[in-house]
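This briefing goes through a two-chain model by topic. Please look over the sequence and the structure before reading on.

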Amino acid sequence: MIKVAGLIKRFGGTAVLDGIDLAIEQGEIIVVIGPSGTGKSTLLRCLNFLERPDAGRLTINDLDVDVTRASRRDILTARRRTAFVFQNYALFANKTALENIAEGLIVVNRWPKEKAHARAREILARIGLADKADAYPASLSGGQQQRVGIGRAMAAQAEVILFDEPTSSLDPEWVEEVLELMKQLARERQTMLVVTHEMSFARDVADRVIFMEGGRIVEQGPPDQLFGAPQDPRTRNFLRKVLATQVSPEGVN
Amino acid sequence: MSLLDLDYMLGLAPILMRYLPLTLEMAAAGMVLALVLACGLAVIRVLRIPGLNAATLLFISFFRGTPLLVQLFLFYYGLPQLLAFLTQINGVTATIMGLTLHFSAYMAESIRAAIVGVDRSQTEAALSIGMTNGQLMRRIVLPQATRVAVPTLMNYFIDMIKATSLAFTLGVTELMGATQKEAAGSFLYFEAFITVAIFYWAIVELLAWFQRRLETRLNEAYRR
């Protein structure tokens, strides 16, 4: 189980995260939505210590730290237990698809190379890229690169995979294959915390949807409730705007 | 007699061959030492290590800002006056020292630029899976920085090979010094110097050939 309490992050004078409390159960799929610049990505980055929070408490299984006092070892532990999928894929350009996935196993988990490569091949098969094992990122499409990015996160066997707008940089033609892979992970009950603007994904896949604005969690609940009967006027306002622009064939409730 | 005394040139070549090892040794020592020093200086600049950063800037400024020949004279003739223990410094040592310090100043800047140029998001990705800073540098940043730095570093290596010829001004009999002596004996200046020019040219071409092979290998990951 993952828990954050009283998480605060300031950039300059402004609090981008203004007291976030959140508990994630094992196997839970949470989608975070909200206007741009409300701290959604910062929340994920703080869980992974890519940003150093200014206050709060982070618990991941037996790791339980005051974030301002986290030691180097605590930070490495937190990172090993949270895998990150980046908006711009951030694949290692000097490594093949296979090596991108195996890298963490070899370097961080100290697996022998053969074992790590065998696991990476299994993952490549699961993400549908078995034939691209030896391809470098530069020769892969955006969708394929992001699937490798997700494969790299899968290899880490983290408690949770943090998805930071995983489809926002993709050309429209590649969005579906990435969402499909994420749905597959969701069916396998991989714990996921997903920041996205894909409302239909949130509606179809999430156990819980969180609406954030101004560095705070404004409202949260199961997708039916949040999309069907939002309580807070800010939530209603946001949903009206995004749902008006997202035309999907079946419509959104 | 033809325009060029080819027999003289063919006779001179084996004599110059005997001095080739010294030239190559000075160049090789200079390259290795300059590369090591430059990497150190580049890391200081990238990490902006307090104190050392300012010292590094001054070092780079001086060794880029003054002629190599002046630096060589300073080490060989000047320093022993200042520091008594350096009285035994020989021309070869002074040359290697000069080449190292001079070229490391240039190389540090191109290495620094190459490190800084590696996509920041890959750094975050490496950290996000729990790599330490050292692992990040070794596995992700430096291999990619190398690819960017190699073409400019090779240029400096080429420059350095040719700059070893300045050692003759410190009384070292290397390729250039030997040629000078031979030419003075035979008065066939044109033949002597065109022969030594061909020597340098051949060494540089060999290095350039190696560079092309290295770059092909380093670019493997970036072919679409």
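This is a predicted model: local features need pLDDT of at least 70, side-chain atom pairs count only at pLDDT 80 or more; totals for chains, interfaces and linings use all residues.

A:Asp204 has a relative accessibility of 44%, so it counts as partly exposed.

- A:Asp204 is paired through its side chain with A:Arg203 in a salt bridge, at 3.1 Å from N to O.
- A:Arg203 counts as buried because its relative accessibility is 14%, under the 20% limit for that class.
- One network, joined by salt bridges that share partners, holds A:Arg45, A:Glu51 and B:Glu124.
- Over all chains, the structure holds 17 salt bridges.
- One of the salt bridges is between A:Arg216 and A:Asp18, whose closest N and O atoms are 2.8 Å apart. A:Arg216 is in strand β10 (residues 216-221) of chain A and A:Asp18 is in strand β2 (residues 14-24) of chain A, so this pair ties together parts 198 residues apart in sequence.
- A:Arg216 is partly exposed, with a relative accessible area of 46%, and A:Asp18 is partly exposed as well, at 28%.
- A:Asp207 and A:Arg189 also meet through their side chains in a salt bridge, at 2.7 Å from N to O. A:Asp207 lies in the loop between α7 (199-205) and β9 (208-213) of chain A, and A:Arg189 in the loop between α6 (172-187) and β8 (192-195) of chain A, so the pair ties together parts 18 residues apart in sequence.
- The relative accessible area is 31% for A:Asp207, which is partly exposed, and 44% for A:Arg189, which is partly exposed too.

**Interface of chain B and chain A**

- Chain B gives 21 residues to the contact and chain A gives 27 residues.
- About 2,100 Å² is buried between chain B and chain A, and carbon and sulfur atoms give 58% of that area. On the side of chain B, the residues that lose the most area to chain A are B:Ser128, B:Ile129 and B:Arg139, together 28% of what that side buries.
- Two salt bridges are counted between chain B and chain A. B:Arg139 and A:Glu103 meet through their side chains in a salt bridge, at 2.7 Å from N to O.
- Nine residue pairs are in polar contact across the interface. On the side of chain B that touches chain A, the elements giving two or more residues are α6 (120-128) and α7 (133-163) of chain B.
- α6(B) supplies the largest share of that side, seven residues. By class, the side of chain B that touches chain A is made up of nine nonpolar, seven polar and five charged residues.

- A:Glu103 lies in helix α3 (residues 97-107) of chain A and is buried, with a relative accessible area of 2%.
- Beyond its neighbours within four places in sequence, A:Glu103 is in contact with A:Phe92, A:Lys95, A:Val108, B:Met131, B:Arg139 and B:Ile140.
- A:Ala116 lies in helix α4 (residues 113-126) of chain A and counts as buried, at 0% relative accessibility.
- With neighbours within four places in sequence left aside, the contacts of A:Ala116 are A:Ala102, A:Leu105, A:Ile106 and A:Trp111.
- The C-alpha atoms of A:Ala116 and A:Ala153 are 14 Å apart, and the two residues are 37 apart in sequence.

- Strand β4 (residues 55-60) of chain A runs antiparallel to β5(A), and four bridges join them. One bridge pairs A:Arg57 with A:Asp66 in β5(A).
- Two residues lie between the strands of this hairpin, in which A:Asn61 takes a positive phi near 50°.
- Helix α2 (residues 72-81) of chain A has A:Asp74, A:Ile75, A:Leu76, A:Ala78 and A:Arg79 as its buried residues. Their cover includes α1, β4, β5 and β6 (82-85) of chain A, together with α6 of chain B.

**Positive phi at two phenylalanines**

- Most residues other than glycine have a negative phi.
- A:Phe49 has a positive phi near 60°. A:Phe49 is in the loop between α1 (40-47) and β4 of chain A and is buried, at 5% relative accessible area.
- B:Phe187 has a positive phi of about 65°. B:Phe187 is in the loop between α8 (175-186) and α9 (189-218) of chain B and is exposed, at 61% relative accessible area.

How values were computed. Residues are numbered from 1 along each chain as its sequence is written. Chains are lettered from A and ligands numbered from 1 in the order in which they are written. Side-chain values use heavy atoms; hydrogens and water are left out. Contact means heavy atoms within 4.5 Å. Buried area is the accessible area (1.4 Å probe) that two parts lose on being put together, summed over both. A salt bridge is a side-chain nitrogen of Lys or Arg within 4 Å of a carboxyl oxygen of Asp or Glu. A polar contact is a pair of N or O atoms within 3.5 Å; within protein, one must be able to donate a hydrogen and the other to accept it, and residues adjacent in sequence count only if both atoms are side-chain atoms. Ala, Val, Leu, Ile, Met, Phe, Trp, Tyr, Cys and Pro count as nonpolar, Asp, Glu, Lys and Arg as charged, and the others, Gly among them, as polar. Two strands pair if DSSP finds at least two bridges between them. Buried means under 20% relative accessible area, exposed over 50%, partly exposed in between (1.4 Å probe, protein chains only).
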